[in-house]
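Dear colleague,

Please find below the structure that I am handing over to you. My notes on it follow directly after.

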Amino acid sequence: MVIDLIIKIAILTGYAIAGTAIGLLFMGIGRKIVARVHNRVGPPFYQNFIDVAKLLSKKTNISHGWIFDLALLFSISGILLTLLFLPIGGVKLLSMDGDAFLVLYLLAIPSLGFALGAGASGNPNAGIGVMRALVMLLSYELPFVITLIALMIYYDTTSIAGIVESQHSQWAIFIPPFLLASAVADMALQGMLMEQPFDIPIAPHEIASGPMVEFGGKYLGSLMIYKAISIVVETTFFVDLFFGGGVIAHGKFSGIVNFISWLVLIFIFFTLALLINTAFPRFRIEQAFKFYWKYETILATISLIWVYWMVIT
Amino acid sequence: MVVHAVLLIAIPLLSAFLIPLIRKISKWFTISILTLNSIFSILVLFEVYNKGMIYEIIAFSPPVGIYLAIDNLSALLALIINVFGAINFVSTLKEKSFKFHMLYLLAIAGSTGIVITGDIFNMFVFFEITAVASYALVASKKSEKAVEGAIKYMILGSLGSTFILMGIALIYSQMKSLNIYDIANRISMMNENIKWISFAFLLTGIGVEAELFPLNGWVPDVYEGASSGIASLLSFGPSKAAIYAIARLLIVIFPSMHTYEIALWIGVATLLMGEIAAFMQTDAKRMLAYSSIGQMGLILIAFSLVSQGIRYSIPASFFLIVSHASAKSSLFLLSHKNKMGSALTKYGGITAVLSLIGMPPLAGFWGKWYLFLGAASEKLWLVIILIFFSGIIEAAYFARYLHRSIGEEKMEASYAYPMAVLSTFSLAFGLLPFIYKMANMHLLGGV
Amino acid sequence: MLDIIIAELLLAILITFFVGKKLAAIIAFFISLLPLVALLDWASMYGFKFISFGIEKSMNIAISGITLHLAITPLSWFFGIMIFSLFPAIMLFSYSFYDKNDGFYPFMLLALFSSFGILLARDMLTLFLFWEMMSWSSFILIYRNKDKEATIIYLVFSTLSAFLIIFGILLLYSQNNSLLFSEINLTPNLETVVAIISMISGFAVKAALMPLHVWAPVVYSKSDEPFVAFLAGGLSKLGYYGMFLFMFSLPGAKIMEEYFSHISPNYILAVIGALSAFIATIIAFMQDDIRKLLAYSSIGQLGYIAVGLGIGSQLAITGALFQAFNHAFFKAVLFLAAGAVAYRTGKWKISELGGVAYKMPITFTIALLSIFTLAAIPITSGFAAKWLLYEAAIKAKYIFVAPIMLIAGVGAFLYSFRILYGVFLGGNNHPDIKEAPKSMLAAMFVLVLPMIIFVIFPGYALDMMSRALSDAGIASIPHTVFTIKTSLASYNAIAVLITLIAALIPAFLIYKSKPHRIVDFKDNYLAGEIPSKYENISMHAAHNFYKPVEDVMKPYFEPGTIEYYKGIYKGLAILSNTLRKVYTGFTQDYAIYVAIFLLTVMGWLIWL
Amino acid sequence: MNGVIMASYFTVASLLSIGLYGVMTKRNLMKIFISLSIMDTGVNLMLITIGYLPGGTAPIENANFAKYVDPLPQALVLTAIVIGVSVTALALVLLIKYHSKKGTLEYKGGMKW
């Protein structure tokens with residue numbers, strides 16, 4: 001009993017650490033890929049590890065009071081929490097204790113903490129950045145939620161683990177309405193990852209680095225970690241929903257095979273996002289909002305109605 | 001019998017003619033007579049409550065002889081007219097003229113006479129007494145508007161009384177009797193057409209006084225022109241007496257499906273017309289006048305529900321009359337200044353408005369409640385919806401009125417106190433179980 | 001005992017009219033505990049034993065020839081506990097809020113008294129009677145503030161609500177010939193269905209369900225906060241209590257489903273609820289007045305309850321009750337917090353506030369907790385409630401309702417942050433204010449307690465709710481103290497909590513790894529030095545906060561619902577102005593009317 | 001029916017119609033009140049006609065009770081006439097007042113709606 005618990009804790013800790021490492025690694029690789037598209041050399045792939053280490057060991061740390069500190073605490077803990085509630089490569093972790101709605105709402109904890117900190121900094125630019133981030137959240141959630149509901153109705157479960165399990169025989173992506181839905185959700189993923197054309201909340205060169213303008217030292221370092229993990233979380237969420245969590249093997253060694261296939265899948269979608277990022281200019285916030293609430297939502301609704309029709313007949 | 005009901009009429013009538021002899025003390029004399037009469041009216045009410053209907057014949061030969069028939073409603077109305085008359089008189093204390101006091105007493109005596117007499121010609125006479133006194137009272141303000149209002153009132157009132165007399169003549173030509181209950185017992189012997197023609201004449205004639213649509217052209221002008229105290233008197237005195245006369249006409253003399261139906265739709269039309277016309281009214285007194293019209297329509301609807309909903313009709317009209325008499329007279333007193341500065345006026349004004357809108361536990365609520373139950377038992381859903389509609393309009397303009405009455409300006413005590421006391425009646429009558437029992441005695445049709 | 005409680009309540013109402021402010025507040029506070037005491041005494045029917053005075057569970061009062069049937073039921077106990085918890089807190093809060101006794105206490109107590117009556121009512125007349133009493137006592141509390149629009153709109157909508165309810169009552173009465181709930185048998189016919197729909201719409205007015213909500217923003221923003229806390233927290237719940245009563249205690253929902261074969265009004269109610277949640281949320285984050293924002297937020301959050309009622313499954317109803325319970329507390333706290341802030345700063349506009357959190361940290365913390373519950377951040381009880389509703393919508397396959405509801409939930413983040421940032425954080429505009437008075441803090445703290453308790457133990461709340469629903473014949477959903485299970489998924493509050501705490505460890509380690517220095521908010525990245533000329537410039541970026549969304553969405557929300565009502569008003573005005581032209585002022589015309597009337601009556605009667 | 005009674009009823013109808021016509025059309029207040037008086041007379045005549053018996057004598061107690069008209073309507077008419085006179089008197093007073101305020105007896109509209 002106690003040993004079970006210890007093993008469970010160890011596994012969870014392992015996944016948390018792995019998630020962090022994978023996220024930082026992806027960020028580094030991402031920088032490299034973008035650089036190559038730009039025809040630059042780019043930093044080494046481990047650059048982000050160095051950055052985080054540097055930031056965390058800085059001596060000058062400026063805070064704006066206890067509410068500001070909440071950003072650090074909430075962003076890291078919240079995103080770790082979310083990570084552990086997602087099935088990764090077929091391993092359920094804690095995902096039986098919650099469901100997709102929980103994950104959707106858990107994703108809000110770090111951003112709300114982050115937003116609190118940004119608000120507490122008193123810098124108007126931070127406020128504007130948070131506003132954009134929140135509007136972006138509102139924008140991409142609508143089509144994303146509709147596709148999510150399509151999945152839930154089709155598989156008759158709201159649990160992500162359940163959805164993943166139901167896809168053992170056939171990934172959702174191979175069912176026609178979900179092909180459409182996954183295209184919609186991928187655009188939502190683009191927004192979640194805050195890559196161009198939906199990177200207005202951060203908007204480098206535009207509003208002095210957006211919400212994190214006042215963060216430095218350990219605060220910025222923790223935000224970087226948060227960003228790294230959130231890449232993993234968001235792509236995993238997507239992969240879990242449409243690609244059965246990357247589960248391709250059952251039986252011996254299936255754990256490792258599935259883990260690798262999961263890793264490959266999330267890397268593919270992260271890279272896809274980066275490539276879209278490099279190819280597109282930036283949407284203004286209301287353009288992004290309209291894009292999501294108009295075209296994306298219409299497509300998502302079509303897929304939802306399609307699924308509903310499939311389910312009731 | 002402790003008190004002869006006839007004293008209710010006789011005392012104010014005789015003392016009215018005494019007043020010119022004692023001009024100096026006419027004010028205090030009037031007050032004491034009104035107080036005395038109020039006490040008598042309370043005693044009569046208890047008499048009716050304990051023993052049921054009172055019949056009284058004062059032995060002269062008819063038509064000079066007086067035949068009284070007092071049921072629960074008329075006892076209540078006598079009480080309202082006399083007690084409210086006494087309270088309301090406080091607001092007119094500034095008036096020094098003995099003529100005014102005389103007319104006031106006459107109006108009270110006349111209105112009381114209408115409700116307690118059992119003789120149709122006497123009813124006409126009392127109508128005339130009330131009407132003549134009211135015309136003069138309205139004109140007593142001496143402003144241009146008052147005179148204009150009085151003249152309009154007079155023209156329509158005279159037209160009405162001519163019709164009443166015509167109706168009476170037609171009935172007499174057939175029945176050779178003037179006693180209401182005697183006529184009622186033998187009404188089936190009457191020629192069908194003449195019966196209806198006489199009903200139409202009577203309804204039209206009394207309807208002018210009872211503010212029924214479309215006979216109520218005089219109402220807004222008179223209420224606007226008259227002074228607050230007189231407007232208040234008109235709202236609880238003559239108009240209530242007249243609507244009660246219509247009730248006797250409907251329920252006692254001419255009970256028939258057709259008359260009920262006609263009365264119902266006239267009531268609905270009056271209600272809607274009054275409330276809709278009041279909706280956009282900016283002058284407070286005029287608005288209250290239109291609102292009065294609406295309320296009279298409501299009371300008439302209550303009276304017309306007797307075919308199936310007799311169980312509810314009388315309590316409904318009972319409470320509606322109390323509510324309207326107390327609340328509207330209170331609001332007319334408020335319209336003197338139209339500002340609710342002191343706590344007393346606030347209490348009075350808000351209570352009155354809430355009672356009119358029909359909020360529990362005020363009398364207005366019970367009135368509307370029984371009215372709705374009665375209408376529901378006859379399945380008159382359309383009427384109920386129309387009443388709802390008018391109720392919402394009423395709420396809108398009364399809310400606006402309440403808001404407009406916010407102000408620091410204080411009214412004189414002679415207005416504030418009567419106003420508060422009058423409003424208290426709708427509270428007290430809503431809470432006292434005694435009133436309910438009284439309302440449920442079903443005496444009106446019961447001969 | 002019960003009669004003594006009622007008598008004491010009435011006596012207290014009378015006394016508080018005449019005594020000074022302090023005494024009135026004290027009396028009001030202690031008297032407002034009475035219903036709570038009675039409820040705790042009655043808790044034995046829930047299986048709890050707190051105190052036992054042996055207060056009778058039912059009583060009949062005969063007044064004015066009618067009998068008022070009063071009795072406590074599990075459902076009304078549940079609603080009672082949430083509504084009457086508000087009153088002592090509100091009284092406590094108002095102790096420092098008001099300078100003088102100008103009618104707040106007596107009418108507040110009257111509202112309490114009538115709420116008590118509504119919850120205990122066992123026949124329709126009693127229900128309606130107390131309902132109306134509450135309407136007018138709250139009307140007077142609104143009227144006190146001397147705002148024209150609020151006065152008119154509240155009275156008109158109260159009357160509308162009353163008439164819709166009484167219409168339903170009359171229809172049911174004419175069918176059953178009884179006003180007692182226990183003697184009403186609903187049969188699926190047109191009249192019953194009309195009655196139920198009419199009553200639901202009547203209660204929906206008070207529950208501020210779209211499109212009958214228009215009074216709420218006006219009234220909420222024009223009244224005193226202690227009272228608005230009751231309006232939003234308590235009164236709206238009474239509206240939903242009425243709906244529960246006629247939809248589930250009397251099986252109105254089932255009757256409607258039986259009568260309508262295809263789309264039943266229940267489904268429409270769910271859709272209206274979802275749309276209400278969604279639209280109100282969007283409108284909420286366009287507001288600059290904090291009270292209006294909270295008002296629209298209320299409308300939105302209350303919409304969820306309507307969704308639950310509309311879906312009508314065991315999950316949905318439990319979720320709806322849970323949502324009602326949460327909303328009662330967090331919305332009351334938020335309004336009180338807004339009141340406390342306004343008490344110190346005298347401002348309502350979000351764009352003019354800001355930086356209050358540093359001066360009023362306790363108020364901020366309490367508001368933060370309520371906002372977490374409002375935004376349904378996981379492990380708060382707000383999440384559990386919404387989760388149940390989402391599950392129910394998915395399970396019922398309401399593909400139209402579910403996404404709208406979810407996106408409204410996301411929208412709640414947006415306006416929550418608007419409150420947090422605009423009022424409490426951001427540029428510090430208020431260097432001179434102090435923390436709210438102790439009585440206000442105590443009031444808010446008391447109300448925030450239930451939220452904290454049900455964070456960890458959602459099971460206890462579910463226990464309560466399943467008992468409340470037991471007499472409606474609705475089974476409880478499987479749950480333990482920490483977890484809730486449905487056929488679709490399960491939710492384990494303690495797992496989330498423990499993991500969160502565990503995840504906080506690395507965060508905390510990072511936080512503690514290096515020391516930090518706290519600087520003033522003006523010492524930021526943009527400028528180390530501010531020219532003295534601009535020393536007092538506001539650094540608050542809260543004006544037109546969600547402008548981009550506003551620009552996109554506003555055209556779709558125009559004209560607002562209130563414009564339609566104003567259109568009706570104008571139409572009536574035209575009707576009124578036309579019709580009263582009948583009164584020409586010429587006696588000649590009046591004489592013609594008389595003649596026509598005479599001939600019509602004569603003709604009608606003779607012709608018939 | 002007796003010719004006298006017929007003629008009388010006809011007169012009643014004409015008087016009422018004339019009066020009503022006057023009230024409905026005249027703007028001069030004096031004329032309106034005159035019309036009202038005419039109507040009043042009509043109704044009084046009606047009452048007397050009701051009580052009339054062809055060939056009846058006055059209802060005075062006499063030695064030969066042959067046949068006399070119904071006394072009650074006559075009493076009623078007396079009362080009605082008295083009332084009519086008092087109303088007319090009051091009307092005239094009001095008209096004087098009106099004239100003193102407006103300088104005319106033509107009603108050209110005043111309070112309305």
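How many of the six residues of strand 1 (residues 58-63) of chain C are buried? The count is zero, and this strand is hardly covered. A residue is termed buried if 20 or more other C-beta atoms lie within 10 Å of its own, exposed if 12 or fewer, and partly exposed in between, with C-beta atoms placed from the backbone. Helices (H or I, at least four residues) and strands (E, at least two) are DSSP runs, numbered from the N terminus.

Before the other findings, a note on the source. This is a predicted model, in which local features need pLDDT of at least 70 and side-chain atom pairs count only at pLDDT 80 or more, while totals for chains, interfaces and linings use all residues. Residues are numbered from 1 along each chain as its sequence is written, and chains are lettered from A and ligands numbered from 1 in the order in which they are written.

Strand 1 of chain C runs antiparallel to strand 2 (residues 66-71) of chain C, and six bridges join them; strands pair if DSSP finds at least two bridges between them. Within this pairing, I61(C) stands opposite L68(C).

Chain B comprises 19 helices and two strands. Of its 447 residues, 70% are buried. Its C-alpha atoms fill a box of roughly 65 × 55 × 40 Å along the principal axes.

As to contacts between chains, two residues are in contact if their C-beta atoms, placed from the backbone, lie within 7 Å. Four pairs of chains touch, and chains A and C have the most contacts among them. Chain A does not touch chain B, their nearest C-alpha atoms being 40 Å apart; nor does chain A touch chain D, where the corresponding distance is 54 Å.

The contact between chains D and B takes 27 residues from chain D and 26 residues from chain B. On the chain D side, helix 2 (29-51) and helix 3 (71-102) each supply at least two residues. Helix 3 of chain D gives the largest share of that side, 15 residues.

Finally, the largest nonpolar core has 593 residues, of which I246(B), V333(C) and M405(C) touch the most other members. Such a core is a set of buried Ala, Val, Leu, Ile, Met, Phe, Trp, Tyr and Cys residues joined through C-beta atoms within 7 Å. Helix 6 (residues 124-155) of chain A gives the most to this core, with 22 residues.

With kind regards
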